[in-house]
Amino acid sequence: MEEEKKLTLHGLWISPYSKRVELALKTKGIPFEFVEEDLMNKSPLLLKYNPVHKKVPVLVHNGKPIVESLIILEYIDETWKTGPRLLPEDPYKRARVRFWASFVDQQVFESLKLAFTSDGEVQEKAIKELLEKLKTFEVGMKEFFPDGIASIERTKNLGLLDIVLYSGFGAHKVQEEVLGTKIIDPEKTPLIFSWLTALNELPLVKELTPPHEKLVAVLQFFRNNALKSGAA
Ligand SMILES: N[C@@H](CCC(=O)N[C@@H](CS)C(=O)NCC(=O)O)C(=O)O
C-alpha cells in the first residue's frame, strides 16, 4: 500500500522537460523519488510507462504513469491544490497561459533545437527564426507583465510559463557560449532578459541548475554528435 502511494519521477539531469517537472514538484513542496534514466539504454520501466514516445519525463503516481511534461504539470496542479498554483483560476487566463506555453514548447524550441543541430546557412536561418519567435513571445508577454519588466517578487511563485521559459532558456548563457551568438539580448527582448535574470536568482532555481561548465561540455558534446550524424 505504501509502495502504491509513492510518487516517482523518471527523468534525466540534463533534460529541460524533466527539469520542468522537478521544478513544479519542488515549488509545491511535494516529496518524490527521482530515478535517473539512461537514454542510451532505456530501462524496462521507462519503456513500460511510456511505450508511445519512450521519453522522459514520466511521473508515476500511485502506480499510474503520466507522460509529456506539459500534461504532467497540469496533472500536478490539479492533483495538489495546495501551495502556489501553476495555472490561473480564471478559465480565459488559463487558456492564454496554455496558448503561450504551447507556442514556446513547439515553435520556439523547434528553432532552438535546429540551431544546435545544424551549421552554415541552416543554422543561420534557425537562429534568425528563433530570435523572431522570441520577439513574438516578448510582445505577447506584455499581457502578463504590463510594465514590460519582470522582478523576483513577481516570479517567486513559479507558474507554468515561468517553468517553461526557464526550462528552455534558464541556461541561455551556456547556449550562447556554445552557439557563439547572443540569444537573449537585453536590447531586443528586455522583458524576457529581465524575466530570466529574476528566475535565475531564485534559490530553488539555483539549486536545480547544474554548473555552467558542466552544461557547456554536455551541450557541446550533444552538438558535435548531432553534426557528425547529420541530424539537420
Ligand atoms: N514532448 C516531450 C519531450 C520529452 C523529450 O524530448 N525527452 C527527451 C530528453 S530531453 C528524451 O527522453 N529523449 C529520448 C529519445 O528521444 O529517445 C515532453 O514534453 O515531455
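These legends go with close-up views of a predicted model.

View 1. Where the two touch, domain 1 brings 15 residues to the contact and domain 2 brings 20 residues.

**View 2. What gets covered up between the domains.** About 1,700 Å² is buried between domain 1 and domain 2, and carbon and sulfur atoms give 70% of that area. Keep an eye on W13, R20 and L23: they supply 34% of the area that domain 1 buries against domain 2, more than any other three residues. Charges take part here too, with three salt bridges found across the interface.

**View 3. Two close-ups of charged side chains.** R98 and E74 join their side chains in a salt bridge, at 2.8 Å from N to O. Then look at W13, where K214 lies over the face of the ring, 4.4 Å from the ring centre.

View 4. Searching the whole structure turns up eight aromatic pairs. One of them is F137 with W195, a stacked pair with 5.9 Å centre to centre and 15° between the planes. F137 sits in helix α5 (residues 120-140) and W195 in helix α9 (residues 190-201), so this pair ties together parts that are 58 residues apart in sequence. Are these two residues buried or exposed? Both F137 and W195 are buried.

**View 5. The aromatic cluster.** Zoom out from that pair and you'll find F137 and W195 again, now with F99, W100, F103 and F145, in one aromatic cluster.

Key: Residues numbered from 1 in each chain as written. Predicted model: local features only at pLDDT ≥ 70, side-chain atom pairs only at ≥ 80, totals over all residues. Heavy atoms only, no water. Phe/Tyr/Trp six-rings, centres within 6.5 Å; stacked < 30°, edge-to-face > 60°. Helix = DSSP H or I, 4+ residues; strand = E, 2+ residues; numbered from the N terminus. Buried < 20%, exposed > 50% of the residue type's maximum accessible area, 1.4 Å probe, protein only. Lys NZ or Arg CZ within 6 Å of the ring centre and 35° of its normal. Contact = heavy atoms within 4.5 Å. Buried area = accessible area lost by both parts, 1.4 Å probe. Salt bridge = Lys/Arg side-chain N within 4 Å of Asp/Glu carboxyl O.
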